[in-house]
Amino acid sequence: MSSFRIVTDSSCDLSAELATKMNLVVMPLTVAINGYHYRNYPDGRDISTEAFYQILRDKKSSPATSGMNVAEFTQIAQQILSEGEDILYIGLSSQLSGTYPVGVSALRLLQKQYPERKIMTVDSLCVSSGQGLLCQLCYRRQAAGDTLEEVWRFAEGIKTQIVHTFMVDDLRSLRKGGRLYAAREIPGQSLNVKPLLHVDNMGRLVTLGKVRGRKAAIEAIANSVENNILDTSGVVIGHGGCLRDAEHLVSLLADRGIQEARIEEIGPVVGAHSGVGALALFYLGKVR
């Protein structure tokens, strides 16, 4: 039986430690700041999350993001195939980026060069640590001995049960980048209104509503798990430079019987759109 590697991109916001533990191949996407282009590696070798969010706080730049081109993706994927391994590619939601279609195009070309290798792809319909959680759940099945086809079927069946509930300080960056679908009109920061959002079953960012005050918004995020969570061992909290709020959310979840919640920092590629102060909750639920 041939082995396979799970390949994803750096919008998954997995720590370098976890990515290494899962033997994951993470394709680095790019964030551009003040004319410089930085690859978003899990270990932060080009730009750390701390440095990135400090730039945002100082309002020194409006960062832009870009994906990989077919040639760049091909170079990394070809190395895996040439070493005799198959590929399961789990990409950022195609509704939010062109990253997944680029990866699929590259892998189709490589399939012709390596007809003996198996290559399967999953449009995750997820983003940030939701995408990372899907990769992690797939890795667990792989580690348990499931075949490539079995893990692919598992991913396709479960991907729309990865719940993303999050808040941002305002919607301007998401609107500007075209990442927000059918946004409701929500007043701005001057009224201390915090937009609540989620990712729908088509992989789109959609507004859920608004809450007055950050404390109430965090409470609303915690309440979202009630009667919906399926697996309390796979809860992830993502934050955009607001660790104290993430820790507060951990305590709120503990009050609701969820004793395990991993905190991850939202990386520069996603953070360029969600901004400083974004706070997100990801888990496996009954419905999105």
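A residue is called buried when its relative accessible area is under 20%, exposed when over 50%, and partly exposed in between, using a 1.4 Å probe and protein chains only. The structure is a predicted model, in which local features need pLDDT of at least 70 and side-chain atom pairs count only at pLDDT 80 or more, while totals for chains, interfaces and linings use all residues. Residues are numbered from 1 along each chain as its sequence is written, and side-chain values use heavy atoms, leaving out hydrogens and water.

Phe-73 is buried, at a relative accessible area of 3%, and Tyr-89 is buried at 0%. Rings of Phe, Tyr and Trp (its six-membered ring) pair if their centres lie within 6.5 Å; planes under 30 degrees apart are stacked, over 60 edge-to-face, and the rest tilted. By this rule there are three aromatic pairs. Phe-52 and Tyr-53 form an edge-to-face pair, 5.1 Å centre to centre with 75° between the planes, and both residues are buried. Phe-73 and Tyr-89 also form an edge-to-face pair, with 5.1 Å between centres and 75° between planes. Because Phe-73 lies in helix α3 (residues 70–82) and Tyr-89 in strand β6 (residues 86–91), this pair ties together parts that are 16 residues apart in sequence. Helices (H or I, at least four residues) and strands (E, at least two) are DSSP runs, numbered from the N terminus. Ring pairs join Phe-73, Tyr-89 and Tyr-100 into a cluster.

Elsewhere, Arg-45 lies over the face of Tyr-41, 3.9 Å from the ring centre; such a charge requires NZ of Lys or CZ of Arg within 6 Å of the ring centre and within 35 degrees of the ring normal.
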